[in-house]
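Subject: Structure for your review

Dear colleague,

Please find below the structure that I am handing over to you. My notes on what was found in it follow directly after.

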Amino acid sequence: MSKDNIGEKLVSKGRELIKQKGADFLTARKLSEASGYSVGTIYNQFGNMDNFVLVQNYITLESLYNRLEKLQASGTSYQRLNLYVKEFINFVVENKNLWFLVHNFHLHNNNRRFSRIYLKRIVQITKLVEGAFKNMFPEIEVPERTLSIQVLWLTLFSLSSFITTDALDSFSKINKHTLCELLLNTYLAGMKVLEKI
């Protein structure tokens, strides 16, 4: 069996484990038990579990991008931004454990340098939003607009961790979609006001 084939099988089995048991369940030992491959084989394939998680996260981000990219020609820029947020939340809710792995990895790996291909996928997602933002706010200078997009994305990314849990349910019964859509539309309204100042 080729090395690539073993790696693919490990990634597939790891994805099943994350979906069924959660991100915290993923360890080299648990992956070894579930896949039938030794811990040594896992490390031989990926070097360490952080690299294995990066592969998982890349696949998750690629799936998110593919879903958002299909909305690129939908409606006005304002409608498209709302559709992006709605689809983002749908994706997070449908893939809670996989998304928690993405969020948690970024939260706890501040000093890690990510590969160009990994960063490129994140940039591609933000570029979708950037196009709609540019149409809505053509008068705003590029650096300011870029910063505004980053603030919006980081806020939604932070909020998405709560969406993967029931943590907000005890605080408020507000619908998770409504919460994110309200955040987006309040932000866009504020941007419109600032554009006129």
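At what angle do helix 3 and helix 4 pack, and how far apart are their axes? Helix 3 (residues 39-46) packs with helix 4 at an angle of about 65 degrees, and their axes are 8 Å apart. Axes here are lines fitted to C-alpha atoms, for helices over the stretch in contact, and angles run from 0 to 180 degrees between N-to-C directions.

Please note that this is a predicted model, in which local features need pLDDT of at least 70 and side-chain atom pairs count only at pLDDT 80 or more, while totals for chains, interfaces and linings use all residues. Residues are numbered from 1 along each chain as its sequence is written, and side-chain values use heavy atoms, with hydrogens and water left out.

Overall architecture

The protein has 10 helices and zero strands. Helices (H or I, at least four residues) and strands (E, at least two) are DSSP runs, numbered from the N terminus. The C-alpha trace spans about 60 × 40 × 30 Å along its principal axes. Of the 197 residues, 40% count as buried; buried means under 20% relative accessible area, exposed over 50%, and partly exposed in between, with a 1.4 Å probe and protein chains only. Among contacts between residues at least 6 apart in sequence, 69% join residues at least 24 apart, where contact means heavy atoms within 4.5 Å.

Helix 3 against helix 4

To return to the opening pair, the crossing of helix 3 and helix 4 is left-handed. A crossing is left-handed if the near helix is turned anticlockwise from the far one by less than a right angle, and right-handed if clockwise. Helix 3 contributes Ile-42, Tyr-43 and Phe-46 to the contact, and helix 4 contributes Met-49, Asn-51, Phe-52 and Val-55. By class, this contact has six nonpolar residues, one polar residue and no charged residues. In this classification Ala, Val, Leu, Ile, Met, Phe, Trp, Tyr, Cys and Pro count as nonpolar, Asp, Glu, Lys and Arg as charged, and the others, Gly among them, as polar.

Helix 4 against helix 6

Helix 4 (residues 49-69) also meets helix 6: their axes come within 9 Å and cross at roughly 120 degrees. Helix 4 is therefore oblique to helix 6; angles under 35 degrees count as roughly parallel, over 145 as roughly antiparallel, 65 to 115 as roughly perpendicular and the rest as oblique. The crossing is left-handed. On the helix 4 side the contact is made by Asp-50, Val-53, Leu-54, Gln-56, Asn-57, Thr-60, Leu-61 and Leu-64, and on the helix 6 side by Leu-98, Trp-99, Leu-101, Val-102 and Phe-105. Nine of these residues are nonpolar, three are polar and one is charged.

Within helix 6, the buried residues include Leu-98, Trp-99, Leu-101, Val-102, His-103 and Phe-105. The 13 residues of helix 6 (residues 96-108) should span 18 Å at 1.5 Å a residue, and the end C-alpha atoms are 18 Å apart, which agrees. The expected span is 1.5 Å times one less than the number of residues.

Helix 4 against helix 7

The axes of helix 4 and helix 7 (residues 116-136) come within 10 Å and cross at roughly 25 degrees, so helix 4 is roughly parallel to helix 7. Helix 4 passes helix 7 in a left-handed crossing. Among the residues making this contact are Leu-54, Leu-61 and Leu-64 of helix 4 and Arg-121, Ile-125 and Leu-128 of helix 7. By class, the contact divides into 11 nonpolar, two polar and three charged residues.

Individual residues

Ile-59 is found in helix 4 and, at 24% relative accessibility, counts as partly exposed. Leaving aside neighbours within four places in sequence, Ile-59 is in contact with Val-11 and Arg-15.

Lys-13 lies in helix 1 (residues 3-21) and is partly exposed, with a relative accessible area of 25%. Beyond neighbours within four places in sequence, Lys-13 is in contact with Leu-31, Ala-34 and Ser-35. The C-alpha atoms of Lys-13 and Ser-35 are separated by 6.2 Å, although the two residues are 22 residues apart along the chain.

Leu-183 is found in helix 10 (residues 176-196) and counts as partly exposed at 27% relative accessibility. With neighbours within four places in sequence left aside, Leu-183 is in contact with Thr-155, Leu-156 and Leu-159.

Yours sincerely
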